[in-house]
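Reader: Please show me the sequence and the model, and then let us go through it together by question and answer.

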Amino acid sequence: MIKKLGRNDTCWCGSGKKYKSCHENFDEKILSFAMQGHITPDHDQIKTPEQLEGIRESGKINIAVLDYVAEKIHIGMTTQEIDDLVAEKTKELGGIPAPLHYEGFPKSVCTSINSQVCHGIPSDEDILEDGDIINVDVSTIYKGYFSDSSRMFCMGNVSDENRKLVEVAKECVQKGLEAVKPWTFLGDMGNAVHQHALANGYSIVREIGGHGVGIEFHEEPWVSYCSKPGTEMLMVPGMVFTIEPMVNMGKPDIFVDESNDWTVYTDDGKPSAQWEIQIAVTEDGAEILAY
Ligand code: MF3
Ligand code: CO
């Protein structure tokens with residue numbers, strides 16, 4: 001809910017300007033959508049220019065860490081070695097790996113291979129093999145600001161079928177990105193992602209989605225990629241969230257590994273692919289903060 005400010009009060013956004021010459025019209029526009037029954041963001045979900053700058057800097061580290069992984073990843077490597085690379089590079093750049101100890105997560109990065117959908121835990125036991133597809137999901141805290149993005153890596157001779165899954169999952173993120181426009185809805189974006197997966201004969205995981213991110217690791221809103229146009233939260237400039245659909249080759253159903261309570265697998269054992277970008281909604285579209 002948006003707090004009512006006097007027109008001559010200082011604006012909530014930190015600009016130092018009077019409310020009436022800053023965000024008053026903006027808030028009224030949001031309120032008009034709320035009055036039509038739409039879900040709308042509150043001020044916690046709208047980042048100030050200063051916060052955006054902090055998140056941008058955090059994102060640069062996240063990108064650099066993933067670039068470093070991309071340089072070093074190879075067949076025969078263990079996922080623990082990927083964890084070591086992420087921990088080392090993040091520290092070198094002055095950041096902290098956000099996954100480490102987050103709700104008890106034991107490692108610095110998530111590594112999810114083949115039928116693992118997400119939240120794979122790096123281990124000395126898991127060795128990358130020829131033909132594997134793997135998601136490496138990196139998240140960074142820098143000066144208190146959070147960034148989050150992930151990429152897929154194809155190890156050696158990946159089957160055409162699996163390579164296509166990886167490519168379409170990336171295209172799904174692009175479709176979502178193109179649908180990010182202020183004063184439209186997260187459901188418009190989610191539907192764009194979903195339709196592209198469905199058109200290729202794939203499905204999208206329903207239970208796990210994207211999220212607001214920046215001041216915390218996981219903030220409101222929760223972001224679905226199986227949503228309908230005109231539904232879910234209104235997108236407004238300054239919102240920061242992830243686009244990270246989990247695209248399954250087979251059915252959308254998943255289960256969580258009971259031995260660690262983290263790692264998510266496809267029910268049917270077929271592969272799943274995921275790319276993740278972090279974006280800010282701008283006046284005319286989106287700015288990519290991490291990829
Ligand atoms: N990086 C994941 C995401 O995209 C979150 C992982 S939570 C963790 O939201 F604890 F497993 F790191
Ligand atoms: Co995320």
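Reader: Is Glu53 buried, partly exposed or exposed?
Author: The model is a predicted one, in which local features need pLDDT of at least 70, side-chain atom pairs count only at pLDDT 80 or more, and totals for chains, interfaces and linings use all residues. Residues are numbered from 1 along each chain as its sequence is written, chains are lettered from A and ligands numbered from 1 in the order in which they are written, and side-chain values use heavy atoms, with hydrogens and water left out. Buried means under 20% relative accessible area and exposed over 50%, with partly exposed in between (1.4 Å probe, protein chains only). Because the relative accessible area of Glu53 is 35%, this residue is partly exposed.

Reader: Which residue meets the side chain of Glu53 in a salt bridge, N to O at 2.5 Å?
Author: A salt bridge is counted where a side-chain nitrogen of Lys or Arg lies within 4 Å of a carboxyl oxygen of Asp or Glu. The two partners are three residues apart in helix H2 (residues 49–72), so about one helical turn separates them; helices (H or I, at least four residues) and strands (E, at least two) are DSSP runs, numbered from the N terminus. The partner is itself partly exposed, with a relative accessible area of 24%, and the residue that meets Glu53 at 2.5 Å is Arg56.

Reader: Which residue is linked with Glu53 and Arg56 in a network of salt bridges?
Author: The pair of Glu53 and Arg56 is joined by a salt bridge of its own. The network of salt bridges that holds Glu53 and Arg56 also links Glu287.

Reader: How many residues apart are Arg7 and Glu24, which form a salt bridge?
Author: The closest N and O atoms of Arg7 and Glu24 are 3.0 Å apart. The pair links distant parts of the chain, with Arg7 in the segment before helix H1 (24–35) and Glu24 in helix H1, and the separation is 17 residues.

Reader: In which strand does Thr111 lie?
Author: Thr111 is buried, with a relative accessible area of 2%. Leaving aside neighbours within four places in sequence, Thr111 is in contact (heavy atoms within 4.5 Å) with residues including Thr79, Ile82, Gly120 and Ile134. Thr111 belongs to residues 110–113, which form strand E2.

Reader: What relative accessible area does Gly120 have?
Author: Gly120 lies in the loop between strand E3 (116–118) and strand E4 (133–142). Not counting residues up to four places away in sequence, Gly120 touches Phe105, Val109, Cys110, Thr111, Ser112 and Thr263. Gly120 is buried, and its relative accessible area is 0%.

Reader: How many strands does the protein chain have?
Author: Of the 291 residues of the protein chain, 56% count as buried. Along its principal axes the C-alpha trace spans about 65 × 45 × 30 Å. Besides five helices, the chain has 15 strands.
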